[in-house]
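The entries follow in the order I took them.

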Amino acid sequence: MQKKFFGSLLLIILLNVLVKPFYLFAIDAQVQNTVGSEDYGIYFSLLNFSFIFNIMLDIGITNYNTKNIAQHPNTVAKYIGSILGLRLILGFTYFFITIGTALLLGYNDIEMKILGMLSVNQILAGLILYFRSNFAGLHWFKVDALLSVLDRFLLIIICSVLLYSSWIETPFQIEWFVYAQTLSYGVTALFALLLTFIKIGKVKFKLNRLFNRAILKQSTPYALLILLMMMYTRMDAVMIERLLPDGKAQAGIYAQGFRLLDVVNMFAFLIAGLLLPIFSRMIKKKEDIKSVLHSSALLLVGAALLISISCSLFAEPLMDLIYRHNVVSSSSVFSWIILSFIPISAGHIFGTLLTANGNMRLLNQMALGGITINLTLNFILIPIYNAQGAAIATLFTQSITVLVQILLVLKVFRLDVNRTHLLRLAFFGISLLLLGYPVTTFYPNLLGLLLLVSLGVVLMFILKIIHLKAIFNLLRERI
C-alpha cells in the first residue's frame, strides 16, 4: 500500500508541477497585474464568499463517498445515479442561499453578477470533485491525477489567448477570467462524466427520496466539518473587504500574498486525497497504518518546512518577480501566511486519518474552536495591521488546530510520538533558519532563494527525510 501511495504521488506531483506553477505565474498573477489590485480584490473577496456556503453543494458526500467506495468498491455503480440526482438539488440550494445572503449584505449589481458566475463555477467544481472521489475510492489514481489538472490546463489555453493574443483589442476584464473558469470547469465536468461512463458503466439520474435522506444523514458530520473549516480558512478576505475603508485594495494585497500558499497547498491537498482512500481501506482491513502515517508526515511536513521558511525569508524578491504593484505590502503578508503551510500540511495528514476513521465529532469540535480563534483574531488584528493582520491570524489558527489534530491521533490510535522523526524535522527547520539568514545577507535575491532551497534538499537527504533507497526501489518497480 505504501508503494502504491508513493507511485501515485509521483504521478500527481509531476502533472501538477507541469501545469499549476505555469498557471500561477503566467495567468493568475498576470490577470491581477492587468486589472489592478482593487478589481482583483473584489473578485478575490467574492471568490472566498462563494466558498463559504460551498458545503451546500456537497453536504460531505465527496469525503464520505471516497471512504465508502474504498471500503466497498462494488457500491459505486449502484448509487452513482442517485447521488448525481441529489447533487442537482443541492446545487440549486447552494446557489439561492449564496445569492440571497449576498443581497442581504448589500453587494451591488456588478458584484452580484460576478458572484453568480462564481457560484456556477463552484457547482461545476464540486461535480468534478465528486467524479474524482469515485475514481480515488476505486484506487484509479491515474484518472484522478488527470482530472486534477485538466481544468487548469484548459484555463491556461483560454486565458493565454485573452491576455496575450493580438486578436483581442479590448482591455482584459476581470469578468472574462470568471467566464473562462466556467468554460474550463464545464468541459472538465463533461470529460469526467464521459470517463465515468467508460470506467463504471451507464449512469441514470435518479431522485430517490429514501436514498437521499439516508445519505444526507450519514454524510452530515462530514458536511459540518467542511463548513466549519471553510469558515475559518475563507473568511479572511471577506472580513478584510468588509472591515476596512480601503477593503477592496487590501483584499487584493492579501490575494497577492495568499496566491502562492494556495498553489503549494494544492499539492498537499492532492496528497490528502490519496491518503483518504488508502487510510480508509487499511482501517477497514485492520492493517497497521503507522508506516504510511510516519512516512507521509515526514515527507510532507519536511517539504512544507523547506518551502515555507525559504519563501518567507525571500518574500520580497518573490513578490517582485510576480507582481507590478504593492510589492512591499504583499511581501509582509506573504512572509507570515506562507508559514501557515507547515501546520496546514500536517493537518492534511492527521486530519485525513481521523476522517478515514470516522472521528467526525472530535474534528468538528476542533474546527469550532478554530472558528472562534480565527474570528476573534481577525476582528482584533485586521483593523490594526490590515491584510497582514489576517495573515498572522491564519498562522496562529492553523497552528493551534493542527496541534489538536495530532494529539487526537495519538489518543485515538494509541500511538507514541515518533521522537526520531520529530527531532529530524526540528533540526531541519532550525538548520534552514540558521542557513537562511547568512544567505539572505549575501544573496538577497532569487539566486539566494535557489541556493537555500538546494541546501535544504541536500539536508533532507542527509537527515533521511527523503530516502534515496526507497525512491530508487520505487522507480525501478515503476519502470
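Entry 1, the pocket. I looked up which element gives the largest share of the lining of the second largest pocket, and found that α15 does, with seven residues. The model is a predicted one, and I kept that in mind throughout. For the volume of the second largest pocket I noted about 610 Å³. Its lining has 25 residues, and those closest to the centre are Ala346, Phe350, Ile406, Leu422 and Leu425. I then listed the elements that give two or more residues to this lining: α10, α13 (341-356), α15 (387-412) and α16 (419-442). Sorted by class, the lining of the pocket has 20 nonpolar, four polar and one charged residues.

Entry 2, the helix pair. I noted that two packed helices are described by the angle between their axes and the distance between the axes. I looked up both for helix α10 (residues 290-313) and helix α17 (residues 446-462): the angle is about 160° and the axes are 10 Å apart. Angles over 145 degrees count as roughly antiparallel, so α10 and α17 are roughly antiparallel to each other. The crossing of α10 and α17 is right-handed.

Which residues of α10 meet α17? I wrote down Gly302, Ala303, Leu306, Ser310, Cys311 and Leu313. On the α17 side they meet Leu449, Leu452, Val453, Gly456, Val457 and Met460. By class, I recorded nine nonpolar and three polar residues in the contact of α10 with α17, and no charged ones.

Conventions: Residues are numbered from 1 along each chain as its sequence is written. This is a predicted model: local features need pLDDT of at least 70, side-chain atom pairs count only at pLDDT 80 or more; totals for chains, interfaces and linings use all residues. Side-chain values use heavy atoms; hydrogens and water are left out. Axes are lines fitted to C-alpha atoms, for helices over the stretch in contact, and angles run from 0 to 180 degrees between N-to-C directions. Helices (H or I, at least four residues) and strands (E, at least two) are DSSP runs, numbered from the N terminus. Angles under 35 degrees count as roughly parallel, over 145 as roughly antiparallel, 65 to 115 as roughly perpendicular and the rest as oblique. A crossing is left-handed if the near helix is turned anticlockwise from the far one by less than a right angle, and right-handed if clockwise. Contact means heavy atoms within 4.5 Å. Ala, Val, Leu, Ile, Met, Phe, Trp, Tyr, Cys and Pro count as nonpolar, Asp, Glu, Lys and Arg as charged, and the others, Gly among them, as polar. On a 1 Å grid over the protein atoms alone, a cavity is a set of points where a 1.4 Å probe fits but cannot get out, and a pocket is an open set with protein on both sides within 12 Å along at least five of seven lines; lining residues have an atom within 4 Å of a point. Grid points are joined across faces, edges and corners, and a volume is the space filled by probe spheres set on the points.
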